[in-house]
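Please read them alongside the sequence and the coordinates.

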Amino acid sequence: MNHWKKFHVLIGVLIISILLAACGNQEEESASSNNSDTEGNTEKKVLRVGSSGIYPPFISVDSDGKAHGYDVEVLEIVGEKLGYEIEWTFAEFSGIFGMLDAGQIDTVANLIAATEERREKYDFSSPYAYSGATIVVHDENNSIKSIEDLKGKKVGVLLGNNLHSFLEEWNKENGNEIEITPYQDVSGTYKEVALGRLDAFVDVKITAASRIKDEGLPLKIYGEDYLIDFDYAFPFVRSDENKEFLQAFSKEIEKLQEEGTLKKLSDKWSAIDVTIPHEE
């Protein structure tokens with residue numbers, strides 16, 4: 001009988017040991033799960049940004065594939081504040097908005113003008129830059145002093161951007177006398193004007209001033225007035241899902257403006273202060 005009692009005691013101890021081990025495993029699994037959740041919460045989310053990568057001083061890409069420029073630093077600061085890492089996708093500018101529409105990217109960084117036409121389709125962040133269109137000519141060219149003077153001339157534009165649309169429309173309304181030549185890559189167009197292969201190039205004034213200065217090209221801006229004013233902002237697909245994020249995103253840009261951070265970035269990257277809003 002004593003043997004049976006010992007046997008029952010051993011069985012009982014064994015059962016209790018198994019139950020305790022099972023509880024311990026559950027606690028470990030639960031702890032592991034909680035750690036995973038905690039780690040997941042601390043991991044940065046990703047903001048997918050599309051760009052041509054060839055629009056200095058706002059964005060350019062070095063030989064290692066790293067992006068640099070005013071747009072880049074604005075995005076990186078805002079992303080850091082909101083807990084997002086920036087994931088870059090580079091493509092020809094003419095296809096960038098198609099990628100945005102298809103959900104392949106979340107926004108575009110290419111000094112995008114928040115035009116009325118674009119605002120009909122997309123929601124934009126608060127502006128992070130202000131400028132307008134200008135005409136770039138050879139520094140010995142004194143014949144072009146207004147957009148009217150482009151008639152009969154060969155004029156370059158960046159394919160598919162808002163200035164391309166602006167010039168095409170103006171040309172159509174004013175006799176179609178300008179020979180408009182679109183380019184995929186803005187880089188070579190300035191040299192085309194310097195070499196006399198183009199009479200002029202229409203670009204954003206802040207971009208033009210910076211390129212002429214940085215590259216030492218024999219070019220100039222035709223005058224002080226803008227052909228058309230633009231506010232520049234980051235576009236997002238219009239959706240309920242994006243609303244809350246866009247509000248937080250815009251708030252951070254506004255803080256950068258108020259704190260003077262945008263001005264510091266402008267001084268670093270641009271030959272002209274891009275942070276001064278247009279007078280109404």
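Leaving aside its neighbours within four places in sequence, which residues is Thr 89 in contact with?

1. Thr 89 is in contact with Val 49, Gly 50, Ser 51, Met 99 and Ile 105, once neighbours within four places in sequence are set aside; contact here means heavy atoms within 4.5 Å. The model is a predicted one, in which local features need pLDDT of at least 70 and side-chain atom pairs count only at pLDDT 80 or more, whereas totals for chains, interfaces and linings use all residues. Residues are numbered from 1 along each chain as its sequence is written, and side-chain values use heavy atoms, with hydrogens and water left out.

2. Thr 89 belongs to strand S5, which covers residues 84–90; strands (E, at least two residues) and helices (H or I, at least four) are DSSP runs numbered from the N terminus. With a relative accessible area of 25%, Thr 89 is partly exposed, a class that lies between buried (under 20% relative accessible area) and exposed (over 50%), computed with a 1.4 Å probe on protein chains only. The C-alpha atom of Thr 89 is separated by 9.1 Å from that of Gln 104, a residue 15 places away along the chain.

3. Strand S5 is part of an open sheet of three strands, ordered S5-S1-S6 and paired in parallel, where two strands count as paired if DSSP finds at least two bridges between them. S5 and strand S6 (107–108) are the edge strands, each pairing on one side only. Seven bridges join S1 to S5, and two bridges join S1 (residues 45–51) to S6. Val 49 can be followed to both sides, with Trp 88 as its bridge partner in S5 and Thr 107 standing opposite it in S6. In a regular strand the side chains alternate between the two faces of the sheet.

4. A second open sheet of three strands has the order S2-S3-S4, and its pairing is antiparallel. Its edge strands are S2 (54–55) and S4 (67–68), each of which pairs on one side only. S2 and S3 (residues 59–61) pair over two bridges in the antiparallel sense, and Tyr 55 has Ile 59 as its bridge partner in S3. The loop between S2 and S3 holds Pro 57, and the peptide bond leading from Pro 56 to Pro 57 is cis, with omega near 5 degrees.

5. Helix H2 (residues 70–82) lies across S1 and S5 and runs at about 145 degrees to S5; axes are lines fitted to C-alpha atoms, for helices over the stretch in contact, and angles run from 0 to 180 degrees between N-to-C directions. Two packed helices are described by the angle between their axes and the distance between the axes.

6. How does H2 pack against helix H8, and at what angle? H2 and H8 (residues 240–259) pack at about 120 degrees, with their axes 10 Å apart, which makes H2 oblique to H8; angles under 35 degrees count as roughly parallel, over 145 as roughly antiparallel, 65 to 115 as roughly perpendicular and the rest as oblique. On the H2 side the contact is made by Val 74, Leu 75, Ile 77, Val 78, Lys 81 and Leu 82, and on the H8 side by Phe 245, Ala 248, Phe 249, Glu 252, Ile 253 and Leu 256. By class this contact has 10 nonpolar, no polar and two charged residues, with Ala, Val, Leu, Ile, Met, Phe, Trp, Tyr, Cys and Pro counted as nonpolar, Asp, Glu, Lys and Arg as charged, and the others, Gly among them, as polar.

7. H2 also packs against helix H9 (residues 261–269), at an angle of about 150 degrees and with the axes 10 Å apart, so that H2 is roughly antiparallel to H9. Tyr 70, Glu 73, Val 74 and Ile 77 of H2 meet Thr 261, Leu 262, Leu 265, Ser 266, Lys 268 and Trp 269 of H9. The contact of H2 with H9 has six nonpolar, two polar and two charged residues.

8. Leu 111 has a positive phi, near 50 degrees, lies in the loop between S6 and helix H4 (116–119), and counts as buried at 4% relative accessibility. Asn 176 has a positive phi near 55 degrees, is found in the loop between helix H5 (162–173) and strand S10 (179–183), and is exposed, with a relative accessible area of 51%.
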